Amino acid sequence: MEEAKSLEVLPMPRKLSTLQHYHNLDADKVLNAYGKFGRYQMFTYFMLNSVTILFAMNMMVMPFIVEKPEFYCQLPDNLDKANYQSIDSCTLIDTANKSLKCTEIRGTRYDFNSTVHQSLASEFNLLCDDYELTEHASSIYLFGGMLAAPLITQLSDRIGRPGFGSTGFFHTAFVLCTESVSTPFRNLLPALPAIVWVIGYLLSGVFRLFIADWRWLYFITSIPGILTIPLFWFIPESLHWLTTKDNYKAVEKYIQKANRFNGVKVSLEECRTSNGERHENKEPINRPNRTVLDIFRHKGLLLQLFLNSIVFIVMNGTYWALSLFSTDLSEDKMTGFFLSGIVELPGGLLGTWLLIKFPRRAVAACGFTLQGLTMLAAIYIPGSKSVLMIFPLACKVFNTMIWAVTPLVASELAPTTVRNTFTGLVSFLGDVGSVLAPYIKRLEAWDRNAPALVMTLASFLAAGCVLLIPETKGKKMPTDIDEFDSGPLRRLFAKTAPENRKSETNPKPDQQRILSQNEGE
């Protein structure tokens, strides 16, 4: 009895009592306490976006790898060249006025203006009718990145946000950026990615000016990806993710380091979540480990997955259709490529400015509408090639404006417990547009204006879908599924799911706050 009594008065171990101070913290409140431009948060922001340069270089080299080389049909010496007249690089006519393909004449070969294999087409003779095979190369290349997204993002929700390799970092970096900065700064979040992406885009063109061989070009633009490996140990973990995983030791380490870096000591008591009774006792909130199955079980999340995927399919498909064929914009291939990259800078910065002034949905819907109208104008307004080049470039500006908004919205609306999994699925399904983009020119066999018309209609469809996505500007990002806003169509699901009606009748404090915000939309 005496022994039991003595055990009751033993003090709690110091380390445990210290960690209790970090229970039930609101990550947004902590980040906001460091100010809009907290130094530690800006360090994370700049470090993460530096990798975008490498990813852009790696991706934007593809137009050069599959570009059509300059060549002509070389007749053998034993044939009288006077009996054949060249129509184009692929076709000849003989004295009987019969049209012949270059490969139909025995002994002919393709002769290139360069002795170096500048692309896949020249090395493997994918020319004339066979040039369409290069579309498969572009599609497979983009398909590889598509497959990486769901795996990497699912892992980042389970074991942590930072990744490595240019592709791995790119798929997790934007979510980590969103979770690492203050709420007011999220409006400015797309500015730096827009700048560094254009730098990487243009660098791939600069390398192309000095490296003719496509193999070496791809190697030079890909190998810098190994530089991202050390960043795995330098990039701070997401405070949002750490709090949902109840990793209080890591939360303590993050806050102590952020305090030193920022020269500010935040008040933990002022940074607690709103559920007062449990927080006064500092009892941890135990949250379930979420998986991709939770997204498919939740009707609201499933609806938003569907809507965001359509938006990303159109956004990705338009971007890659414009980028892959940018070398065809001008008589000089490099001029078209560089112009298509440069116009992305004003587009991204314009999108960022509009995010500050207007709601997210309005900016995205406006961007898709203008993108569609620009492609429609390209169909009906006549002009020379140099004049008509204005329309795809203007379309690229509006598409880049959309890129400044929609990834941010997808990150903000998803709960922290499945945020990377959700955005990874959206990216995966959205990359269907990227994979199909190389084939869009095949529609010209049906009608010359068919590609532009398809992109126009798809843009208007995406604009409609955007209006059904919840507004996220200035709102706290949901921690778990019970805080998730299903968007304007949530009442439809409430009518079909009795349990949803019951939960909305007696909502939790956090849910009540979200519902009251939505009523004001």
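Trainee: Why is Thr91 called buried?

Mentor: Thr91 has a relative accessible area of 19%, and buried means under 20%, exposed over 50% and partly exposed in between, with a 1.4 Å probe and protein chains only, so Thr91 counts as buried. This is a predicted model, in which local features need pLDDT of at least 70 and side-chain atom pairs count only at pLDDT 80 or more, while totals for chains, interfaces and linings use all residues. Residues are numbered from 1 along each chain as its sequence is written, and side-chain values use heavy atoms, with hydrogens and water left out.

Trainee: Where does Thr91 sit, and which residues is Thr91 in contact with once its neighbours within four places in sequence are left aside?

Mentor: Thr91 is placed in strand E3, which covers residues 91-94; strands (E, at least two residues) and helices (H or I, at least four) are DSSP runs numbered from the N terminus. Leaving aside neighbours within four places in sequence, Thr91 touches Gln85, Ser86, Ser99 and Leu100, where contact means heavy atoms within 4.5 Å.

Trainee: What makes Ile53 partly exposed?

Mentor: Its relative accessible area is 22%, and that value places Ile53 in the partly exposed class. Ile53 belongs to helix H4, residues 39-60, and, with neighbours within four places left aside, Ile53 is in contact with Val196, Ile199, Gly200 and Leu203. The C-alpha atoms of Ile53 and Val196 are 5.4 Å apart, although 143 residues separate the two along the chain.

Trainee: How do you know that Val426 and Ala410 are buried?

Mentor: Val426 has a relative accessible area of 0%, and Ala410 is at 2%, so both values place their residues in the buried class. Val426 is found in helix H23, residues 419-436, whereas Ala410 is in helix H22, residues 406-413. Beyond neighbours within four places in sequence, Val426 is in contact with Leu305, Asn308, Ser309 and Phe312, and Ala410, on the same terms, with Asn308, Phe312, Phe422 and Thr423. As for C-alpha separations, Val426 and Val311 are 9.2 Å apart at 115 residues along the chain, and Ala410 and Phe422 are 8.1 Å apart at twelve residues along the chain.

Trainee: Why is H9 described as roughly antiparallel to H18?

Mentor: The axes of H9 (residues 191-210) and H18 come within 8 Å and cross at roughly 175°. Axes are lines fitted to C-alpha atoms, for helices over the stretch in contact, and angles run from 0 to 180 degrees between N-to-C directions. Angles under 35 degrees count as roughly parallel, over 145 as roughly antiparallel, 65 to 115 as roughly perpendicular and the rest as oblique; that is why H9 is roughly antiparallel to H18. In this pairing, Ala191, Ala194, Ile195, Trp197, Val198 and Tyr201 of H9 meet Glu344, Leu345, Gly348, Leu349 and Thr352 of H18. The contact of H9 with H18 comprises eight nonpolar residues, two polar and one charged, where Ala, Val, Leu, Ile, Met, Phe, Trp, Tyr, Cys and Pro count as nonpolar, Asp, Glu, Lys and Arg as charged, and the others, Gly among them, as polar.

Trainee: And what makes H18 oblique to H21?

Mentor: The axes of H18 (residues 344-357) and H21 (residues 390-403) come within 7 Å and cross at roughly 45°, which means that H18 is oblique to H21. The crossing is right-handed, in that the near helix is turned clockwise from the far one by less than a right angle, anticlockwise being left-handed. Glu344, Gly347, Gly348, Leu350, Gly351 and Leu354 of H18 meet Lys396, Val397, Thr400 and Met401 of H21, and by class this contact holds four nonpolar, four polar and two charged residues.

Trainee: What is the phi of Asn125 and of Asp246, and why remark on a positive value?

Mentor: Phi is near 55° for Asn125, a positive value in a residue other than glycine, and Asp246 likewise has a positive phi near 55°. The remark is made because most residues other than glycine have a negative phi. Asn125 is in the loop between helix H6 (120-123) and helix H7 (133-159), and Asp246 is in the loop between helix H12 (239-244) and helix H13 (248-262). With a relative accessible area of 41%, Asn125 is classed as partly exposed.

Trainee: How many helices and strands does the protein chain have, and what percentage of its residues count as buried?

Mentor: The protein chain has 27 helices and five strands, and 53% of its 521 residues count as buried.
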